[in-house]
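Subject: Structure handover and notes

Dear colleague,

Here is the structure I promised to pass on, with the sequence alongside. My notes on it follow directly below, and I would be glad if you read them with the model open.

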Amino acid sequence: MKSILCSFLLAVLISFSTDLASQETFEYGGVERFYYLDVPDNLEPGAPLVFVMHGYTSSAFVIRNYSGWSNISEEDGVVVCYPQGTQDSFFQSHWNANLGISEVDDIGFLVALAEYLQETYNLSTDCTYACGMSNGGYMSYSLACEAPETFRAIGSVTGAMSAYDFQNCDLSTVVPVIHLHGTSDLVVSYDGGVDDPNWGSAGVPEIVDLWTGMMGTTDLDEIQLPNQEIFDFTSVDFLRYHQSPGGQEFHHYRVNNGGHDWFGSWGSQDVQSTEVMWEFFEAQCNGEFTSVVEASAERMMAFWDGAVFGLFETADLYAYDLQGRLLWERIQAPQHTRISMEDLSGVALIRVRSAEGNVSTVRIR
């Protein structure tokens with residue numbers, strides 16, 4: 001974790017050395033902390049607030065310059081805060097995402113700073129979010145676990161969850177999550193995290209299972225994004241987990257052959273990290289994530305309520321086990337079909353295909 005793209009970040013820092021953004025200071029716990037802040041000219045009362053956190057050994061200045069969040073701030077009237085981490089026991093800038101490498105109370109600091117900015121600029125307490133790169137992504141998950149009343153959705157680019165957070169995050173209030181990660185990430189492995197007692201060995205699939213389990217999502221839609229650059233040998237699969245009782249969604253962008261990158265700024269150009277995270281946060285702010293009760297039946301082809309699988313329209317059904325093997329299929333299963341849990345032994349998911357060719361995947365728990 002101590003050598004994350006140092007040469008690249010140095011080049012970015014030099015190339016943007018003319019950036020004249022000023023540092024703001026904020027005292028917490030007797031320590032003066034600092035941050036950068038983008039405040040749009042067209043700021044309106046109740047505007048959203050987004051925290052963007054740098055990676056391990058990096059800085060607020062660097063991520064502000066490469067991420068492109070400043071453009072979002074000015075174009076969409078969003079206040080964006082880039083806080084600076086402190087030094088850990090190895091004298092490296094970091095976020096203490098329950099990692100055991102410092103005693104810094106970063107959760108308390110970030111919550112206090114968010115509340116200060118909300119009050120100072122009259123910002124929305126319902127539309128305050130956190131995201132970050134690598135260690136900043138870890139910190140975002142810590143905030144989702146310990147401060148969901150402040151940060152109403154989070155995003156992670158190449159980050160994961162610390163061992164402590166993965167083992168102890170058990171929430172009654174679960175926030176929406178968006179996670180982008182490369183399958184060839186050599187710093188935070190897609191399948192195994194960092195494999196460290198503190199940083200944790202939970203891979204992205206395990207993290208997805210943890211959060212979608214807490215959310216109670218029942219539907220999975222998966223599509224492949226258009227390949228914008230064929231010579232980078234990457235492709236992106238978008239997995240949308242939705243239809244939870246509370247309306248939370250988990251969006252995962254799996255960057256096949258992608259590395260430890262802020263996709264869109266460098267690495268794969270098939271997905272723009274900042275743009276999709278802002279679209280995700282904006283959807284939450286606009287109330288577009290609706291609960292199963294609130295969603296109209298016309299938008300749902302099928303459902304699973306924990307005991308019964310059912311259809312809202314005539315469709316073809318394909319049932320698979322955990323190893324992806326087809327167990328059975330039912331062609332043109334009629335509307336109002338109901339299948340009880342007793343008749344779904346061994347079934348892990350059911351793929352539903354409508355007469356128009358629309359496809360939805362329902363996970364069976």
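Predicted model: local features only at pLDDT ≥ 70, side-chain atom pairs only at ≥ 80, totals over all residues.

Helix H4 covers residues 106-121, and at 1.5 Å a residue its 16 residues should span 22 Å, which agrees with the 22 Å found between its end C-alpha atoms. The buried residues of H4 are Asp106, Ile107, Gly108, Phe109, Leu110, Val111, Ala112, Leu113 and Ala114, together with Leu117 and Gln118. Just after the helix comes Asn122, which takes a positive phi of about 55 degrees.

Turning to the salt bridges, the count comes to 7. One of them is formed by Asp126 and Arg152, whose closest N and O atoms are 3.2 Å apart. Asp126 lies in strand E7 (residues 123-133), whereas Arg152 lies in the loop between helix H5 (135-146) and strand E8 (154-157), so the pair ties together parts that are 26 residues apart in sequence. Asp126 is partly exposed, with a relative accessible area of 43%, and Arg152, at 25% relative accessibility, also counts as partly exposed.

Arg254, in strand E12 (residues 250-256), deserves a paragraph to itself. The side chains of Arg254 and Glu222 meet in a salt bridge, with 3.0 Å from N to O; this pair links distant parts of the chain, since Glu222 belongs to strand E10 (residues 219-224) and the two residues are 32 residues apart. Glu222 counts as partly exposed, at 44% relative accessibility. Arg254 also forms a salt bridge with Asp237, where the closest N and O atoms are 2.9 Å apart, and here the partner sits in strand E11 (residues 235-242), 17 residues apart from Arg254. Asp237 is buried, with a relative accessible area of 11%, which falls under the 20% cut-off. Leaving aside neighbours within four places in sequence, the residues in contact with Arg254 also include His181, Thr183, Tyr190, Ser235, Val236 and Leu239. Elsewhere, salt bridges link Asp221, Arg240 and Glu249 in a network.

The side chain of Asp38 is joined to that of Tyr82 by a polar contact of 2.6 Å. With neighbours within four places in sequence left aside, Asp38 is in contact with Arg64, Trp69, Ser70, Ser73, Val78, Val79 and Val80, as well as with Tyr82.

Finally, there is an open sheet of 3 strands, in the order E13-E14-E17, with antiparallel pairing. Strand E13 (302-304) and strand E17 (338-340) stand at the edges, each with a single partner strand, so one side of each is left without a neighbour in the sheet. Neighbouring strands of this sheet are turned by 10 degrees against each other on average, direction ignored. E13 is joined by 3 bridges to strand E14 (residues 308-311), the two running antiparallel, and Ala302 stands opposite Leu311 in E14.

How values were computed. Residues numbered from 1 in each chain as written. Heavy atoms only, no water. Helix = DSSP H or I, 4+ residues; strand = E, 2+ residues; numbered from the N terminus. Contact = heavy atoms within 4.5 Å. Salt bridge = Lys/Arg side-chain N within 4 Å of Asp/Glu carboxyl O. Buried < 20%, exposed > 50% of the residue type's maximum accessible area, 1.4 Å probe, protein only. Expected span 1.5 Å × (residues − 1). Pairing = 2+ DSSP bridges. Axes fitted to C-alpha atoms, helices over the stretch in contact; angles between N-to-C directions. Polar contact = N/O pair within 3.5 Å; in protein donor to acceptor, adjacent residues only side chain to side chain.
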